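The sequence and the structure come first, and the description follows.

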Amino acid sequence: MALSPVAQFALARQLRTAEGAPLGDVFSFVSGLYFRGKLAYAQRFAQPPDPSDPVSAGGVLVITPNAGLRSADTPISLESFKAFAGVSIDLANPAYRQPLERGAGALLAALGTDCEVVLLGSIASGKYVEVLQPVFGDKLMFPAAFVGRGDMSRGGLMLRCVLSGTELDYVPIAGALRRGQRPPKLAPVRGILGQTKER
């Protein structure tokens, strides 16, 4: 829908401009509740050691299919969006894996020795973990409450945390149980889908 040259909603029009649209907004449109939850949660709770450092990007970075780690505020064009769609997120695909490895290495160098990296993406499969864990080692963490939850449940959980101001507990990915029994369904929360971005 956003790729249509006749689409007239705001994001589609913004993608067609020379300035482009913020990466976080584009991914939120494509992925819906799941990515909206991740983005709102990261913007609410990120604590980078140096908020002005361009590599750590204020602590909110997005894994892209072909450009490694990028700030959620990175402007992308319609051509960039189309290029994302043409790359498979597959560990065997160097077009995906190599930029992510380079970006992770640069981030590790920028963070120093005391900062943890929290992965808010899928932890059940290896598509992110198998690339990032060798780079960050014990610094790579994830919310323990993710175990057993699907994408939508994780997105809903993170939006609830933003609304309540409650940060999740993190555990190291190395050696952790990443698959488990599905937890109880989250109770409905009125207005959660209208949750706005925190900055």
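Asp151 is partly exposed, with a relative accessible area of 39%; buried means under 20% relative accessible area, exposed over 50%, and partly exposed in between (1.4 Å probe, protein chains only). This is a predicted model, in which local features need pLDDT of at least 70, side-chain atom pairs count only at pLDDT 80 or more, and totals for chains, interfaces and linings use all residues. Residues are numbered from 1 along each chain as its sequence is written, and side-chain values use heavy atoms, with hydrogens and water left out.

Asp151 forms a salt bridge with Arg154. A salt bridge is a side-chain nitrogen of Lys or Arg within 4 Å of a carboxyl oxygen of Asp or Glu.

| Salt bridge | N to O distance |
|---|---|
| Arg97 and Glu101 | 2.9 Å |
| Arg154 and Asp151 | 2.6 Å |

Arg154 and Asp151 are three residues apart in helix H7 (residues 151-164), so about one helical turn separates them. Helices (H or I, at least four residues) and strands (E, at least two) are DSSP runs, numbered from the N terminus. Arg154 counts as buried, at 5% relative accessibility. Arg154 is also in contact with Ser122, where contact means heavy atoms within 4.5 Å. Ser122 lies in the loop between strand E5 (117-118) and helix H6 (126-136), and is buried at a relative accessible area of 13%.

The other pair, Arg97 and Glu101, sits four residues apart in helix H5, so about one helical turn lies between them. Arg97 is partly exposed at 26% relative accessibility, and Glu101 is partly exposed at 32%.

Helix H5 covers residues 94-111, 18 residues in total, and reaches 25 Å from its first C-alpha to its last. This is close to the 26 Å expected at 1.5 Å a residue, the expected span being 1.5 Å times one less than the number of residues. Which residues of H5 are buried? They are Tyr96, Pro99, Leu100, Gly103, Ala104, Leu107 and Leu111. Seen down the axis of H5, these buried residues fall within an arc of 135°, so they line one face of the helix; the arc is that of the directions from the helix axis to the C-beta atoms. The buried residues of H5 pack against strand E2 (61-63), strand E3 (69-71), E5 and H6. Exposed residues Arg102 and Ala109 are on the face of H5 turned away from its buried side. Just after H5, Gly112 has a positive phi of about 85°.

Terms used
Lists of a residue's contacts leave out its neighbours within four places in sequence.
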